Amino acid sequence: MKIYHGRYNAVTSPKIITGKTHHFDIVVNAIGKNDLLHIFDLADVYHSENMDKLAFELTEKHKIESGNFDNIAMANYSIPTHWGIGKVYKRLIVKISRSTNKSLIDVLPEVYNSWPSRKIEDFNSSIYYESPEYLYQSYLSGDSL
């Protein structure tokens with residue numbers, strides 16, 4: 001399975017057909033809050049793991065089937081690195097967490113299930129390049145573009 005969540009551009013498990021992908025919200029929702037917290041607690045350990053192996057184990061454990069979202073193939077322009085898109089999400093999640101006094105783990109699925117996430121994942125959209133404040137205000141507005 002390729003998880004094109006922008007954080008890792010081609011996390012591929014060999015048993016699932018390449019090119020069948022999901023919006024990241026589906027992955028976050030399938031993993032669930034308790035396991036997200038566990039993954040978050042072990043982030044410094046997982047950071048040194050093989051990303052392909054880790055993605056395979058997570059998709060197996062949470063029975064995440066292949067989907068049909070492929071924002072890499074749909075991109076007309078250069079795609080951001082997984083580090084770059086990860087920073088966009090990190091800034092937004094941290095800002096919302098601090099402003100609402102919610103935990104990062106509570107905010108993470110809210111952000112990935114929000115309309116700005118769909119635009120961030122659309123690499124033909126310009127929202128990825130907007131300022132962190134613009135993304136934050138867009139999230140707060142609750143309206144789509």
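I take helices (H or I, at least four residues) and strands (E, at least two) as DSSP runs, numbered from the N terminus. I note that this is a predicted model, where local features need pLDDT of at least 70, side-chain atom pairs count only at pLDDT 80 or more, and totals for chains, interfaces and linings use all residues. I number residues from 1 along each chain as its sequence is written, and side-chain values use heavy atoms, with hydrogens and water left out.

Entry: the end of α8. I looked at what comes after α8 and found Gly142, which has a positive phi, near 70 degrees.

Entry: the whole protein. I listed eight helices and zero strands. Read from the N terminus, the order is α-α-α-α-α-α-α-α. I count a residue as buried under 20% relative accessible area, exposed over 50% and partly exposed in between (1.4 Å probe, protein chains only). Of the 145 residues in the protein, 41% are buried. For the surface I used the Shrake-Rupley method with a 1.4 Å probe; for residues, only the protein chains shown count as cover. The protein exposes about 8,100 Å², and carbon and sulfur atoms supply 54% of that. Contact here means heavy atoms within 4.5 Å. Taking contacts between residues at least 6 apart in sequence, I found that 68% join residues at least 24 apart.

Entry: the buried side of α8. Which residues of helix α8 are buried? In this helix, residues 132-141, they are Leu135, Tyr136, Ser138 and Tyr139. They lie on the same side of α8 because they cover an arc of only 160 degrees around the axis; the arc is that of the directions from the helix axis to the C-beta atoms. I then checked their partners: the buried residues of α8 pack against α5 (82-100), α6 (104-112) and α7 (115-121).

Entry: α5 against α6. I fitted axes as lines to C-alpha atoms, for helices over the stretch in contact, with angles from 0 to 180 degrees between N-to-C directions. α5 and α6 pack at about 125 degrees, and their axes are 9 Å apart. That angle makes α5 oblique to α6 (under 35 degrees is roughly parallel, over 145 roughly antiparallel, 65 to 115 roughly perpendicular, the rest oblique). Residues making the contact include Tyr89, Leu92 and Ile93 of α5 and Leu104, Val107 and Leu108 of α6.

Entry: Leu108. I placed Leu108 in helix α6. Leaving out residues up to four places away in sequence, Leu108 touches Val28, Leu36 and Ile93. Leu108 and Leu36 are 72 residues apart in sequence, and 9.0 Å apart in space from C-alpha to C-alpha.
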